[in-house]
Amino acid sequence: MWHDQDNNYDNFVQFVKEQDPDICVWCEAESRYRSYTATKMAGCEEAYLPYNWDLLARRYGHNYMVLAGKRDTFPQVVTSKYPLKTVKRINGNGDDIIVVHGAGQVEVEIGDKTLNLVTLHTWPQKYAYLAEDQEASKAEQGGDVFRSVEMKYICEETILQDKDAAKNNWIMLGDFNAISSIDNFHYGIAEDDKQFLVHNYVRNNTPYIDVIEKFYPGDFQPSTQSGRRIDMVYMTEPLFKTVKAARIIRDGYAESHRDTTFRNFCHPSDHYPVVVDMEF
């Protein structure tokens, strides 16, 4: 949320209003750096978000907000026109499993339907979290293995606890920081590459359906400026049957470009919004 913060997020709010979503999930939803600098803010006394997401969300018509997943300074926030309830925040088991950026399970009440919404943002690096030798860990694809452990744990803590999950309304979405083997017609790498571990686990062990894959078979849809598809929306069959359209917005306000001074920063983001339209 670095871009547009010095403008009171007016452009951001206008963009969201134009899309008119019923539910939003935002990753990295925290103020971290002062505008147009790489200087970190001095904690909650200086950072506007996530502490004021309720005020920001009301500006685009969402009266409900929860901090879904938070362990560090890269949380996920859900805002909605419908009532929200935080079921759990998923940070790890306190022993050998750490969900670095946290994940969350939120219930959304829409009429007589309950949507089980799982938010996540997995570990982004090529080396494993807390690896003593980062270069050696990179060579072993330690980051991919670590992400797969996060993914397995998140699923075990959410959808896999529901014995009737395939018949119920489950959504899992966010920044997976991992590519899918279903897109390997585009990437062209070895089928057993560890980069596929995260989504192979989801595909082989849960009833989730990759919405963008189903709507664009054989038509690669990048979700980041880097040209990868790592931001997914997964749904179980009952919800997928209600989907009328799905798209990744890469133009207008959402068009991504790097800051000319701070090359690690992008305007408005290095990721593109994924939008799914359902009709009950």
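1. Cover over H1. Strand E1 (23–27) and helix H2 (53–59) are among the elements that cover the buried residues of helix H1. Helices (H or I, at least four residues) and strands (E, at least two) are DSSP runs, numbered from the N terminus. Cover here rests on contact, meaning heavy atoms within 4.5 Å. This is a predicted model, in which local features need pLDDT of at least 70 and side-chain atom pairs count only at pLDDT 80 or more, while totals for chains, interfaces and linings use all residues. Residues are numbered from 1 along each chain as its sequence is written, and side-chain values use heavy atoms, with hydrogens and water left out.

2. The buried face of H1. H1 spans residues 10–19, and Phe 12, Val 13, Phe 15 and Val 16 are buried in it. Buried means under 20% relative accessible area, exposed over 50%, and partly exposed in between (1.4 Å probe, protein chains only). Seen down the axis of H1, these buried residues fall within an arc of 160°, so they line one face of the helix. The arc is taken over the directions from the helix axis to the C-beta atoms. An α-helix has 3.6 residues a turn, so residues three or four places apart point the same way. Just after H1, Asp 20 takes a positive phi of about 50°.

3. Strand E7. Strand E6 (residues 113–121) runs parallel to E7, joined by 6 bridges. Two strands pair if DSSP finds at least two bridges between them. Leu 173 in E7 is the bridge partner of Thr 119. Strand E9 (residues 231–235) runs antiparallel to E7, with 5 bridges. There, Gly 174 has Met 232 of E9 as its bridge partner.

4. Asp 210. This residue lies in strand E8 (residues 209–210). Asp 210 is buried, with a relative accessible area of 2%. Its side chain reaches the backbone nitrogen of Glu 213 at 3.3 Å. That is a polar contact: a pair of N or O atoms within 3.5 Å; within protein, one must be able to donate a hydrogen and the other to accept it, and residues adjacent in sequence count only if both atoms are side-chain atoms. Leaving aside neighbours within four places in sequence, Asp 210 is in contact with residues including Arg 203, Arg 229 and Met 232.

5. Ser 148. Helix H4 (residues 142–157) holds Ser 148. Ser 148 is buried, at a relative accessible area of 15%. The side chain of Ser 148 reaches the backbone oxygen of Val 145 at 2.6 Å. Neighbours within four places in sequence aside, Ser 148 is in contact with Leu 197 and Val 198.
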